[in-house]
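Hi there,

Here is the structure I promised to pass on.

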Amino acid sequence: MTIVVENQAEVAECGCFLNAWLWFKQLVKNFMVKVVDNAISAKKLGKEDPRIIVHSLKVGFAITLVSLFYYFEPKFEYQGFGVSAMWAVLTVVVVFEFTVGATLGRAVNRAIATFLGASVAGGIHRLACFSGSKTIEPILLGFFLFLIVAVVTYLRFLPKLKARYDYGVLVFILTFSLVSVSGYHDKQVLEMAETRITTILIGCDIAVLVCIFICPVWAGQQLHDKISSNFEKIGSFLEVFGTDYLNTSSGEASEQKTSDLEGYKSVLNSKTAEEVLANFARWEPRHGKFRYRHPWGRYLEIGGIARDCAFRIHALNDYLNYETQVEQEIRTKIQEPCKKVSTECGHVLKELALAMKTMTYPHTITIHIDNAKIAAENLKTLLHTNSSWEGINFSDVIPMATVASLLIEIVSSSVKMVESFDKLATSARFKKTNQLAPVRVRTNSWKTRVTPDQPSTESVHHDVAGE
């Protein structure tokens, strides 16, 4: 009996050990799988955007460069800074960003905010010392600390201040508080403030110089390319929609066609990214084709109109897979004007995308705009003709009437985008080519009956090419 009990205990002990070993083995296996997956993801990320690899090397180089001042402190005039030298390293870490505009903006914010914070703290400390009383001095310091921090924190919520200087305000509060508090027991407050400012300026200078002169990534160029890409995606959808949905014969969807129909969705949520890039671009110096004080605000205006058009396209996309026998009969009646509107608007946006990329004026955009407006007017006339819908229930007409209405609104959005592009091209001084045909946008011509031979007398002409 004793032998049986001992055997059972040994079996139980072996079972526990085996379960623990299996659990540990599975844990190691899962860990290795995650490591491999992360390595594959990192490799894919590097292939998709090699600039990320370059940026990582730049950050490492900048931190190594500024650290040399700390490593070889006795050999430089830097030796008087002591432990404060680490502020230069920390500055590079928090200031160095992916784009030049972001880096320059944070560097300027940090440098100016540090200078102002240290200066104000030094002034407050000197003012408190004039009291001549050890009892009143900390009271005055505490009062001014509370007052200034509270006021500056409130100012953070001002929209214009928060958009460009929020980081600077935070650095001001941090520097002012640290210098004010530490300066109470350390009478060398001016020397400490000077040391802090100098080390931070060294870090800012190194970060900015490395970011600008070693494979720079410009936020302005990214914003420019993004707006051009948005035009391209919306135009691709409209061209495919005009040939795919509005054709009575349906074919198999190719991978390229699916990509064209899905590309517009990235435009819907592009507002935040565009605003951030525009904010960073304002900090950047002149580079490439982008001169000083480039009209970055115009890009946000064009981006907003493009998003409005993308939302209409999103509603239009819901009708791609909607089809009944009756709806097919209705589709054949308005197929030609709808197809004309969609394809011509697609051509307009594709030409705008090309003009944006090359920073030149579009050549034949007037022809496509006029064709789209004429087709839109013909479509409106067809929708208001009662004889076209005899024998068809009203509920069956609603889907195609919605599609037609959305296409007419897209024509209006296309006209607005051309007008906005006109303002940008004029402000940014886009290049004029010899083959240029003047672009005239008739803002109201699609609302009235227009024919190719008799343009509307109420049309308002805007010469995009300029004189």
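This is a predicted model: local features need pLDDT of at least 70, side-chain atom pairs count only at pLDDT 80 or more; totals for chains, interfaces and linings use all residues.

Residues are numbered from 1 along each chain as its sequence is written, and side-chain values use heavy atoms, with hydrogens and water left out.

Let's start with the rings. Rings of Phe, Tyr and Trp (its six-membered ring) pair if their centres lie within 6.5 Å; planes under 30 degrees apart are stacked, over 60 edge-to-face, and the rest tilted. The whole structure holds nine aromatic pairs. In one of them, Phe-172 and Phe-176 are stacked, 6.0 Å centre to centre with 5 degrees between the planes. Both are buried (under 20% relative accessible area with a 1.4 Å probe, protein chains only; exposed is over 50%, partly exposed in between). Elsewhere, ring pairs link Phe-237, Phe-241 and Tyr-264 into a cluster.

Next, the charges. A charge sits over a ring if NZ of Lys or CZ of Arg is within 6 Å of the ring centre and within 35 degrees of the ring normal. Arg-106 has its charged end over the ring of Tyr-167, 3.9 Å from the centre. For Arg-164, the ring is that of Trp-283, at 4.6 Å from the centre.

Happy exploring!
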